[in-house]
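Here is a short report on one protein chain. Keep the model open as you read, and find each residue as it comes up.

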Amino acid sequence: MQDATRPLYGQVVAYCNQKGPSRAAVLLFAVASGTAVANVYFAQPLLATLGGEFGIGTGAVGAVVTATQAGYGLGLLLLVPLGDVLDRRRLVPAQLLLLAGALALLGTATRVPVLFASAAAVGLLAVVTQTLVAAAASLASPADRGRVVGQVTSGIVVGILLARTVSGVLADLGGWRSVYLVSAAVTTLLALLLRRTLPLQQARPRVRYPELLRSTVALFVREPLLRARGLLALLLFAAFGTLWSCVALPLTDLGLSHTAIGAFGLAGAAGALAAAPAGRLHDRGLGVRTTTVALVLLALSWGPLALVRHSLWWLALGAVLLDLAVQAVHVTSQSMIYTRRPDAGSRVIGGYMVFYSAGSALGAVASTALYAAAGWSAVCALGAGFSLAALAVSRMGLSSERSPMPEIRLAVPSDRPAVERIVQAAYAPWTEVIGTPPLPLGSDYAALIEAGRVHVLDDLSGLIVLIPEDGRLLVDNVAVDPSRQGEGLGRRLLDHAEEQARALGLPALRLITNEKMTSNIARYERRGYRETGREEIQGRHAVHMAKTL
């Protein structure tokens, strides 16, 4: 055990010196993810054409989208968990090549059963998108994870929304079949590029396939955060599907071409602008606040959307608001759940996306049926209902996890097991990445508590170790329970450190981090910390930082 009064290197936050993926790799992940998921949405501006060619009525043509979403949901359960046990360098290209085959089959379909079967197969294999998200998250450092997930999700957003534009243009130029045949060729090329880009993985644990599937369900049974964010995703994407699965029908009634209908995807593509900033807000501990603000915008977006028959500008405005809101919540949720269980990244993201797929399918089938029965106003009322329900669920989730901003007090001896549990949960996942147990795992917390150095959140979801020095207060260790990360608790603890320094009459704070944690250094600089020197401590390159109050 280390001396309780000795400064501990690298204990400021539970981040490691993991080298993240290059910008080129993140860009390729984003493009591949966006291209794969676009296949799920290509049919939306083509519904009227598909209904006419295959003799499917207006009230039932939305089932083409539902079949694709159903396949996507099945793939999330059956295929995405494989990313936790198989080498993604082989798994991802293989899925992309199979996806290319399914696209070719869909593009040549001449009978209704083949149309629906191939559409379902496209959805099943398009889940490679989520395998890529999990891969990007696993390669990123914890301090940058929200940003990297946000960047890849930006690609997904662009893929989802430009799918309608690309689909409309290609359908007008070469018929609806050209949409899927061109995508098959592009998907094959991406498979080859990713085979060369994805890094080799270390040996993965051997898990029987049935056990792997059961473990996905068990994760959501055991983890309240996963269930809460899953239900939120279902309602969120039911609202999303309500707009984008049905909007082609009133626009077709207004006499717009495929290209014009697809062009409205460009307005919604503004949602991509929300993905990366939402990820950065999560990294700063503002995930819960971001979720609430975004869901309010989602509910408000249905006001202008209801006015589409008065002016198409209202549609553009509503689409921008809706997609900004949806993607902000989506990125925040994915970052939260991956942080909760980084050891099962593919499974938690895949399980979460099952709710996403179910919501999208619900929105698609409900909105098209309701449009046929009651018109566009009823569809907008449905979307607003989903949005308000999502807002209600998000608040319920917060209350079930106690106050999002609990009070801070000194730890007492009976808190020691909880303190050690939090430290273990926050730091242990990085032992394999760092190559050695992080120093906080070896601290004598009984001695630190006895010395009055450990301050805990009153619901025992986080802690900070503060050691007064001559003229400064040392921020020695901060840890937040992974299930509560993204709620601003780390920021609250650092604010508490400043309050304590002022109360003790100390004019400055100091901390130590690693020179490779560049995003970490930038974060502290934003809080007013400045570098004061560098040195080698126990073979590690330390960066000393201080803040004058």
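## Ground rules

Helices (H or I, at least four residues) and strands (E, at least two) are DSSP runs, numbered from the N terminus. The model is a predicted one: local features need pLDDT of at least 70, side-chain atom pairs count only at pLDDT 80 or more, and totals for chains, interfaces and linings use all residues. Residues are numbered from 1 along each chain as its sequence is written, and side-chain values use heavy atoms, with hydrogens and water left out.

## The whole chain

The protein chain has 22 helices and seven strands. Of its 549 residues, 58% are buried. Buried means under 20% relative accessible area, exposed means over 50%, and partly exposed lies in between (1.4 Å probe, protein chains only).

The accessible surface of the chain is about 20,900 Å². Carbon and sulfur atoms account for 62% of that surface. Such areas come from the Shrake-Rupley method with a 1.4 Å probe; for residues, only the protein chains shown count as cover. A contact means heavy atoms within 4.5 Å. Take the contacts between residues at least 6 apart in sequence: 80% of them join residues at least 24 apart.

## A nonpolar patch

Which residues make the nonpolar surface patch? They are L74, L77, L78 and Y209, and the patch covers about 320 Å². Patches are made of residues with over 30% relative accessible area and no salt bridge; like charges are joined within 9 Å, and nonpolar side chains (Val, Leu, Ile, Met, Phe, Trp, Tyr) within 5 Å.

Helix α3 (residues 63-78) gives the largest share of the patch, three residues. Y209 is found in helix α9 (residues 209-222). Y209 counts as partly exposed, at 36% relative accessibility.

Helix α9 also holds S215. S215 is buried, with a relative accessible area of 17%. The side chain of S215 reaches the backbone oxygen of L212 at 2.6 Å.

## Two buried residues

Start with S33 in helix α1 (residues 23-41). S33 has a relative accessible area of 0%, so it is buried. Leaving out residues up to four places away in sequence, S33 touches T129, L132, V152 and I156.

Now go to V379, in helix α17 (residues 376-400). Is V379 buried or exposed? V379 is buried, because its relative accessible area is 0%. Beyond residues up to four places away in sequence, V379 touches T242, C246, W302, S367, L370 and Y371. V379 and A239 are 140 residues apart in sequence, yet 9.9 Å apart in space, C-alpha to C-alpha.

## Helix α5 and its cover

Helix α5 (residues 112-125) has 14 residues. At 1.5 Å a residue, the helix should span 20 Å, and its end C-alpha atoms are 20 Å apart, which agrees. The expected span is 1.5 Å times one less than the number of residues.

The buried residues of α5 are L115, S118, A119, V122, G123 and L125. What covers them? The cover includes α1, α2 (47-54), α3, α4 (88-107) and α6 (128-139).

## Salt bridges

How many salt bridges does the structure hold? There are nine. A salt bridge is a side-chain nitrogen of Lys or Arg within 4 Å of a carboxyl oxygen of Asp or Glu. One of them joins D415 and R409, with the closest N and O atoms 2.7 Å apart. D415 is buried, at a relative accessible area of 6%. R409 is partly exposed, at 30%.

Another joins E469 and R510, with the closest N and O atoms 2.8 Å apart. E469 lies in the loop between β3 (462-468) and β4 (473-480) and R510 in strand β5 (residues 508-514), so the pair ties together parts that are 41 residues apart in sequence. E469 is partly exposed, with a relative accessible area of 24%. R510 is buried, with 11%.

R492 and E499 also meet through their side chains, at 4.0 Å, N to O. R492 is buried, with a relative accessible area of 17%. E499 is partly exposed, at 41% relative accessibility. Elsewhere, salt bridges that share partners join D495, E498, R527 and K547 into one network.

Note on methods:
A polar contact is a pair of N or O atoms within 3.5 Å; within protein, one must be able to donate a hydrogen and the other to accept it, and residues adjacent in sequence count only if both atoms are side-chain atoms.
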